[in-house]
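Hi,

Here is the structure I promised to pass on.

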Amino acid sequence: MIEAESLSKRYGPLTAVDNISFKAEKGDVLGFLGPNGAGKTTTMRIITGFMPPSEGRATVAGMDVFEKSREVKSRIGYLPERPPLYQDMVVRTYLDYVAELKGLNRSQRGEAVERVVESCGIGEVADRLAGHLSKGYQQRLGIAQAMVNDPEVLILDEPTIGLDPKQIVEMRDMIRKLAGERTVILSSHILGEVSRICNKVVIINRGKIVANDTIEALKKSLQSTERVTMRLQKGDPSVGDAVEKLPGVKSVSKSGGTWNIESEPGSGTVENVAQLVIDKGWGLEEVSHVDISLEDVFLQLVRESEDEREAGLQEGEE
Amino acid sequence: MRGAWAVWKRESRYYFSSPTAYVLIAVFLIIADLAFLYMFNYYTVQSGQFGRFAGNPPFDFTPNWIMEVLFDFLGTVILIVLPFITMRLLAEERRQGTDELLLTSPTSILDIILGKYFAAITLVAVMLGLTVYMPILLDRYSEIAWRPVLMGYMGLFLMGAAFVAMGLFISSLTESQIVAGLVTFGLLLGLWLVSGMGDIIGRVMDIFAPGVSSAAESGLKYISLNDHLSQFLKGVLDTRDLLFYISASFFGIFLAHRSIESTRWR
């Protein structure tokens, strides 16, 4: 449905997006993840036809975003990072205006406006000025304007930014509900959010893709190591060596009073460690399994890509 | 064209649902009214003098003279008021991020610009329209020739439209309304004064290079925005003047279009 083929975007000497390729099939909810300034907004702006790429091409429903811009634009609903609202317009009038810009005729517009007012839950503010709405409602109105032409493709740039925790939960539910048959791309710098709404994730950092996979696959890749922490009442110089000799254990380190043990998954490390400590009489205080969160993977991937980049830079200098 | 219509409606609604239009119209009308009163008074006193001393007035001194002088003056007032109309047209969209909505909708850039252009010249037309009572009043108590009056309105309107197109272009260059307004004012004032400059440069060049002076002078006079108004005010429709204002509008719209298009490529 949406395909980016080696997209690059340069602003003068700065490369904002560097050779990015990814694909979203019909019905996918693709999370676009990366730290601030990674190139998420630029990529989305290219897909929506707001700006052309320096290289590469983007297609929506098999049509080039720039060659068939009118056809593509009428299939896309786009919520920019800042909801594009006219402060001086009444909500309903504003939605009617957007619908007209998107080429709906008079009879379609009335229906479309009522539909999005209802589905985005802005009925109670529909007769107020957009500029007087709270941040949460402004964001909803932003989504409503993106949905008004019943688009096949929905592109949401940081839809939960600036909302309070309750609004964030509501916004996520709304996006999930609205997604339906549509293809959705949403960007975020919060991994938990993406893992809750999306089925696919593309992680980018400094304009480059560092991971492109389904959520399950990402989680699985995390489970290649199992982490265990342990605290002891009595220290003993031989603890580290003894634990390392246990089956499946890959590394042991100590920070403060806590031991961190990494091992092969399914090697029963917690049990083995507990047994060992009791046998040796070191005074077991705590031994537990640590869940590796997606957050960790994200940080790890970003860090790895930074390291590679630095290595590349150093090579360049030599 | 549906997009242009949508934009026109939204802009017109903005003008007339906010104080902007009313304040501008009020300022314009107050200045125009004062000028009308002054001219009217001057005319009655002078024509009384001519009647009493049995001399013929040195030129065609009819009530049309009032309108001609007034229109000339209104041109200046439009020049001052107009940057306030055009400065926000595109600058505001960029500042509040609604350009992302416009440029990602299936409406073309040309439609957007035309919608804005027509909305602004509609406001100019409304302003001018509200002064129509002046010639009607003159005609009620005296007699005026309508042709020069109608031509005068046409000339002022076309000139206003050309101003709007240039203001629109300037507004596409920045996201600051103040900057857009000031630059537009500077540009229009420059193009207004250039005819006076033509005279001065002509005289100076006469001394140093007698051959080129008239070319430079007429060139500068040609690009001057108000010199083309004088024929209209006399009731003469000169296609050169007509074409000048229309092509100035086209040029402004063209530049605005290019400017919006190019910001996306940067």
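This is a predicted model: local features need pLDDT of at least 70, side-chain atom pairs count only at pLDDT 80 or more; totals for chains, interfaces and linings use all residues.

Residues are numbered from 1 along each chain as its sequence is written, with chains lettered from A and ligands numbered from 1 in the order in which they are written.

Chain B has 12 helices and zero strands; helices (H or I, at least four residues) and strands (E, at least two) are DSSP runs, numbered from the N terminus. Its C-alpha atoms fill a box of roughly 70 × 55 × 30 Å along the principal axes. If you take the contacts in chain B between residues at least 6 apart in sequence, 82% of them join residues at least 24 apart. A contact here means that the two C-beta atoms, placed from the backbone, lie within 7 Å.

As for the interface, 18 residues of chain B are in contact with 22 residues of chain A. On the chain B side, α1 (2–17), α5 (99–103) and α12 (239–265) are the elements that give two or more residues. The largest share is that of α1(B), with five residues. By type, that side of chain B divides into six nonpolar, eight polar and four charged residues. The classes are Ala, Val, Leu, Ile, Met, Phe, Trp, Tyr, Cys and Pro for nonpolar, Asp, Glu, Lys and Arg for charged, and the others, Gly among them, for polar.

One helix in chain A

(The expected span is 1.5 Å times one less than the number of residues.) Which residues of α4(A) are buried? They are A:A112, A:V113, A:V116 and A:V117. Seen down the axis of α4(A), these fall within an arc of 130 degrees, so they line one face of the helix; the arc is that of the directions from the helix axis to the C-beta atoms. An α-helix has 3.6 residues a turn, so residues three or four places apart point the same way. The cover over the buried residues of α4(A) includes α3 (91–101) and α5 (135–147) of chain A. Turned away from that buried side are the exposed residues A:S107, A:E111 and A:E118. After α4(A) comes A:G121, with a positive phi near 65 degrees.

Sheets in chain A

Two strands count as paired if DSSP finds at least two bridges between them. One open sheet has four strands in the order β12-β13-β11-β14 (chain A), with antiparallel pairing. At its edges stand β12 (249–255) and β14 (284–290) of chain A, each with a single partner strand, so one side of each has no neighbour in the sheet. The twist averages 20 degrees from one strand to the next, where axes are lines fitted to C-alpha atoms (for helices over the stretch in contact) and angles run from 0 to 180 degrees between N-to-C directions. Helix α10 (residues 269–280) of chain A packs on this sheet, touching β11, β12, β13 and β14 of chain A, and its direction makes about 170 degrees with that of β14(A). Within the sheet, β11 (residues 226–232) and β13 (residues 258–263) of chain A pair antiparallel over six bridges, with A:V228 opposite A:I261 in β13(A).

Then there is strand β9 (residues 200–205) of chain A, where six of its six residues are buried. A:K200, A:V202 and A:I204 lie on one side of β9(A), and A:V201, A:I203 and A:N205 on the other. β9(A) pairs in the parallel sense with β3 (residues 29–33) of chain A over four bridges, and A:L33 has A:I203 as its bridge partner. With β10 (residues 208–214) of chain A the pairing of β9(A) is antiparallel, over six bridges. β9(A) and β10(A) form a hairpin with two residues between them, and A:R206 in the turn has a positive phi of about 50 degrees.

Cheers

Definitions and conventions. A residue is buried if 20 or more other C-beta atoms lie within 10 Å of its own, exposed if 12 or fewer, and partly exposed in between; C-beta atoms are placed from the backbone.
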